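Hello,

Here is the structure we discussed. Please look it over before reading my notes below.

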Amino acid sequence: MLTEHDLRRLDALYQSLEQATERFLGYPVSKDFEMGPLERFLRFPLNNLGDPFVDSTFEVGTRELEREVVGFVADLLRAPAGEVWGYVTNGGTEGNLYGLYLARELLPKGIVYFSEDTHYSVAKNIHFLGLRSITIRSQANGEMDYEDLAETLRINRDKPAIIFANIGTTMTEARDDINVIKGLLGRFAIRDYYIHSDAALCGGFAPFLDPRPAFDFADGADSISISGHKFFGSPMPCGIVIARKRHVERIARSIGYIGSLDTTITGSRNGFTPLVLWYRLKELGIDGLRRRAGAALELAAYAEARMKAAGIPAWRNAQALTVVFPKVSDALKARWQLATQGEQSHLIVMPNVTRAQVDALVNDMIAEREPRENGNPTNTPSTQEPGHA
Ligand SMILES: *Cc1c(COP(=O)(O)O)cnc(C)c1O
């Protein structure tokens, strides 16, 4: 039974979450969503068990809306009509696992190539699947080093290739170019290949960039994974995976117990997140998504410029929402929940980030540098008035 104390703990948790949400700038999670109209659906034991495109005997679910979400995202990713299949996942990781699973079923002897900047979960997924893999060096900006890839493909040209392309790496939002990669596969006459795009972060807005990064179905991807809680925004983790239908048909098995096809990774599947994504995508529409991307990019440019003006050597990949700068102190890292790896920290200007938050962060960074200026000659002097935290 819940005691008074338990209830107070819930209140305290609520308040601390409210504050923590105000100040996170280092992770690619949008928080500008309002889910009021969906709250009533929490009364149902929603479960989208099985394949979203095949009816199940279990009817308490949101499969029709899930299919619409898949259709909307497939169009965004320039999938040929009627030739792709997909579902709403628990997040980008599951979509990546799914893409690699399909790749393994099609090319069991294939070698997975991925850059050293790939998300940490991918090596684990490759291990689950028992696939062979080779890590490719990255360029300084985080993008795959195509010369290293070429050299490695040349040595292994007798084996099928499974390309795991990053469409926005975790630390620097670098995008591997699958056109360039396809060129290399052609150069070494590797005909058995599979390309998966990990578009966890960028899949929601890359379609609106100009030039458009080479990553989608029209560019030659076989499967693409996107996180739903990143650019789109969701109160709980979710994602979308889309793959070419002919690949999925290779793995589909009919299961009498659920009256559906076992084409997904998990058995029970979240029936609430398809509702969330459907609502978000309807609410924003293509124009809303485009505007959101434009506004976030503008603010990312502003953040980079402000840091540079303050003498902080910040930089950003072309058309990226991620601003990279030298590692900040533990205090700043904790205050703004800034992801830090090696000598780099980053700020990710998701659509909900405000100019005031960017200013407050930059002011904190400036304030932190001031006292060290005399003692540390490598510190570029600030060109701005000292900030205040
Ligand atoms: C976030 C992210 C993932 C993992 O996605 P989840 O939705 O957190 O499971 C994988 N790859 C990249 C590049 C990411 O940014």
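At what angle do the axes of helix H2 and helix H8 cross? Roughly 35°, and the axes come within 9 Å. H2 covers residues 63-76 and H8 covers residues 272-309. Axes are lines fitted to C-alpha atoms, for helices over the stretch in contact, with angles from 0 to 180 degrees between N-to-C directions. Helices (H or I, at least four residues) and strands (E, at least two) are DSSP runs, numbered from the N terminus.

A word on the source. This is a predicted model: local features need pLDDT of at least 70, side-chain atom pairs count only at pLDDT 80 or more, and totals for chains, interfaces and linings use all residues. Residues are numbered from 1 along each chain as its sequence is written, and side-chain values use heavy atoms, without hydrogens and water.

Now the ligand. Residues around it (a heavy atom within 4 Å) include Gly-91, Thr-93, His-119 and Lys-230.

- Gly-92: a backbone N or O atom, 2.7 Å from a ligand oxygen.
- Asp-198: a polar side-chain atom, 2.6 Å from a ligand nitrogen.
- Ser-227: a side-chain N or O atom, 2.7 Å from a ligand oxygen.

Last, Asn-141. It is in the loop between strand E3 (132-136) and helix H5 (146-155). A polar atom of its side chain lies 2.9 Å from the backbone nitrogen of Glu-143.

Best wishes

Terms used. A polar contact is a pair of N or O atoms within 3.5 Å; within protein, one must be able to donate a hydrogen and the other to accept it, and residues adjacent in sequence count only if both atoms are side-chain atoms.
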